[in-house]
Amino acid sequence: MVDVDPSVAASDERWFNWTKSSYNMLRSIEKSILSHLRLPYRGMFVDIGPCVGEADKVWTLTMNTESKRVPIVMLHGLGAGVALWVLNLDEIAQNRPVYAIDILGFGRSSRPKFADDAMIAEKQLVKSIDEWRKEVGLKEMIVLGHSMGGFLATSYALSYPDRVKHLILADPWGFPEKPADSENRPKPPLWAKAILVASKPLNPLWIIRFFGPLGSWLVGKTRPDILRKFSGVVTNQDDIPNYIHQCNAQKPTGEGAFHTMMKDFGWAKNPMINRIQDMKSTVPITFLYGERSWVDNSPGETIRQLRQQGYVKNHSIKGAGHHVYADDAKTFNRLVNDACTICDEDYQAVVRHEESSSPSAT
């Protein structure tokens, strides 16, 4: 197992570091958060070669790899990393192999420069996931993606449908078209509008790096709700804001790819609602929306109607917001496990047995 990527850790030696980004600190905080897991885990770099950069590596967390059930691969959202699955990993890994990765350009993974074209950048990220799959040796997998990770998981299933046994989308970003009436909505104050206009060319999380050494403090002050989500499990209250800060104080190449793919913050330039009808009907899809999320959940029902020949199931988790995996982790974990179960051969054998034993089958 390789726990430190020397080529990345060397960046800590810069003589001046305004953002206070530290690869070693990110590694240490991640370990502190993951120490709360009950089940054993393993962390490693998976070398995917010259995929986007010259020598890309994907930081990977694995659990219960001895299980013969269909493995699940977990893709985080914008600005996050593997440690933010801490409320979910134990329950999901009880009965199957789990692989959680820092998407290329995020967390502890390599940070190559992505293309400036939205579709090319998307394809580069998708290719990195499949190159990772090949190196790990997975033939088929359940793919779970949250927010931006849900967008990439769907794009992956479009490109490699035979590799995806089930697509689980947790409050996925980038599905609907940008509403035509968005220009007619209430206008923000002039000062707020000025900030929005000035920051539009910038990456979405630029403010964290702008605040430099105070980035962690900014996360804690502006998003205390995120801290509260993990308070029952993560004992050190500073770990979550420090982790988010360190994930986003590093070179923001993955964030840049997201900026390239987005049409304003809330929408994608190439929305999935216009493309998902091209996905093979053999790929089952489960949507897990937060009832109180800012993400538009109407595409879930639209896609269910479009895919009459395929499996599509929609769930709305009561009281949950966009961070649905943390707002109600117990319900989220149960629904994920339920969705995974339909992929397992032992479950399918039971179904076949029940069907063959029923009176209608004779």
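Biologist: How many of the residues of the protein count as buried?

Modeller: Start with the term. Buried means under 20% relative accessible area, exposed means over 50%, and partly exposed lies in between, using a 1.4 Å probe and protein chains only. Here, 54% of the 362 residues count as buried. Note that this is a predicted model: local features need pLDDT of at least 70, side-chain atom pairs count only at pLDDT 80 or more, and totals for chains, interfaces and linings use all residues. Residues are numbered from 1 along each chain as its sequence is written, and side-chain values use heavy atoms, with hydrogens and water left out.

Biologist: How many helices and strands does the protein have?

Modeller: Both are DSSP runs, numbered from the N terminus: helices are H or I with at least four residues, strands are E with at least two. The protein has 15 helices and ten strands.

Biologist: What share of contacts joins residues at least 24 apart?

Modeller: Contact means heavy atoms within 4.5 Å. Take contacts between residues at least 6 apart in sequence: 76% of them join residues at least 24 apart.

Biologist: Which residues touch the most other members of the largest nonpolar core?

Modeller: A nonpolar core is a set of buried Ala, Val, Leu, Ile, Met, Phe, Trp, Tyr and Cys residues joined through side-chain atoms within 4.5 Å. The largest one has 52 residues, and L89, F230 and F332 touch the most other members. Helix 14 (residues 329–341) gives the largest share, six residues. Apart from this core lies another, of 49 residues, including V52 and I273.

Biologist: What does F332 touch?

Modeller: Set aside residues up to four places away in sequence. F332 then touches W85, N88, L144, A170, L288, I317, V324 and Y325.

Biologist: Is H166 buried or exposed?

Modeller: H166 counts as buried, at 0% relative accessibility. This histidine lies in strand 6 (residues 164–170). Now look for polar contacts. These are pairs of N or O atoms within 3.5 Å; within protein, one must be able to donate a hydrogen and the other to accept it, and residues adjacent in sequence count only if both atoms are side-chain atoms. The side chain of H166 makes one with the side chain of T286, at 2.8 Å. Beyond its neighbours within four places in sequence, H166 is also in contact with Y311, A339 and C343, among others.

Biologist: How many disulfides does the structure hold?

Modeller: A disulfide is a pair of cysteine sulfur atoms within 2.5 Å. The structure holds zero. Take C340: the closest cysteine sulfur, in C343, is 6.5 Å away, too far for a bond. C340 is buried, at 0% relative accessibility.

Biologist: Why do the buried residues of helix 12 line one face?

Modeller: An α-helix has 3.6 residues a turn, so residues three or four places apart point the same way. In helix 12 (residues 298–306), P299, G300 and I303 are buried. They fall within an arc of 105° seen down the axis, so they line one face; the arc is that of the directions from the helix axis to the C-beta atoms. They pack against strand 9 (285–290) and strand 10 (312–317). Compare helix 11 (residues 253–261), where nine of nine residues are buried.
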